[in-house]
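Take each solution one step at a time.

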Amino acid sequence: MGHRLTKITTRTGDDGTTGLADGSRLDKDHPRIQALGEVDELNSQIGLLRADLQERQQDVQIQADSSSLGSIEDCLAVIQHDLFDLGGSLCLPGQSILTEDRLTQLDAWIEAFNADLPPLKDFVLPGGSRVVAQAHVARTVARRAERCVVSLKAAEPDREDALDDLPRLYLNRLSDLLFILSRSLARRLGEAEVVWRRSALRQSAGPSSS
């Protein structure tokens, strides 16, 4: 890396624009900047999930299972770097910093983590412990980031350096993986999954009226 950031407050964005890595500037509500922001938020949410996982690994009650949590945390660490590369692809129109092998790795993780899970018989609600719920938060942000990438592609249909399909495919697979990881975390922590119940069952389980 030839240049280091030495000054953070530049005031160049005070006019409502922001700069891309190629030197061009876009309005801060441009679909490309929206997509960049969503990917940045997703990376932050995964960072929070990793922090939660690290705290749980230190819990004396689950030391015997800390290695299984560590495998998930290691996976998320790699994903954070992938997302930074994905952001680079968005910030450099016409460049593909994210590579095809990263999508292959996601597919491998999906298959590996899902293999240990029981068949899904009910819809799963976001909830349970904080770390499981945070995995669901990251999953939903991944879906939002995917939608923004789709909107960006639609907004720039005629560009010669139009965005390729890899960022969209990566975010789609990542959302699937985060759902699987939420289930895997619940299982490895010995927690029951929070499942959706039909209206009649909710009413029967509700508080009794006086």
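**Exercise 1.** Find the volume of the largest cavity in this predicted model, and describe what lines this cavity.

*Solution.* 
- Step 1: Start with the volume, which is about 60 Å³ for the largest cavity. The structure holds one cavity of 30 Å³ or more.
- Step 2: The largest cavity is lined by 14 residues, and G127, V132, A186, E193 and V194 are the closest to its centre.
- Step 3: Two elements, α4 (130-155) and α5 (166-188), each give two or more residues to the lining. Of the elements, α5 gives the most, with three residues.
- Step 4: Finish by sorting the lining by class: six residues are nonpolar, five are polar and three are charged.

**Exercise 2.** Work out how helix α1 (residues 31-57) is placed against α5, and say which residues make the contact.

*Solution.* 
- Step 1: Begin with the axes of α1 and α5, which lie 14 Å apart and meet at an angle of about 20°.
- Step 2: Compare that angle with the cut-off: angles under 35 degrees count as roughly parallel, so α1 is roughly parallel to α5.
- Step 3: Pick out the residues in contact. Helix α1 brings L42, I46, L49 and L53, while α5 brings L171, L174 and L185.
- Step 4: Sort these contact residues by class, and you get seven nonpolar, no polar and no charged.

Methods:
Residues numbered from 1 in each chain as written. Predicted model: local features only at pLDDT ≥ 70, side-chain atom pairs only at ≥ 80, totals over all residues. Heavy atoms only, no water. 1 Å grid on protein atoms, 1.4 Å probe; cavity = no way out; pocket = protein on both sides within 12 Å on 5 of 7 lines; lining within 4 Å. Points joined across faces, edges and corners; volume = space filled by probe spheres on them. Helix = DSSP H or I, 4+ residues; strand = E, 2+ residues; numbered from the N terminus. Nonpolar A, V, L, I, M, F, W, Y, C, P; charged D, E, K, R; others polar. Axes fitted to C-alpha atoms, helices over the stretch in contact; angles between N-to-C directions. Parallel < 35°, antiparallel > 145°, perpendicular 65-115°, else oblique. Contact = heavy atoms within 4.5 Å.
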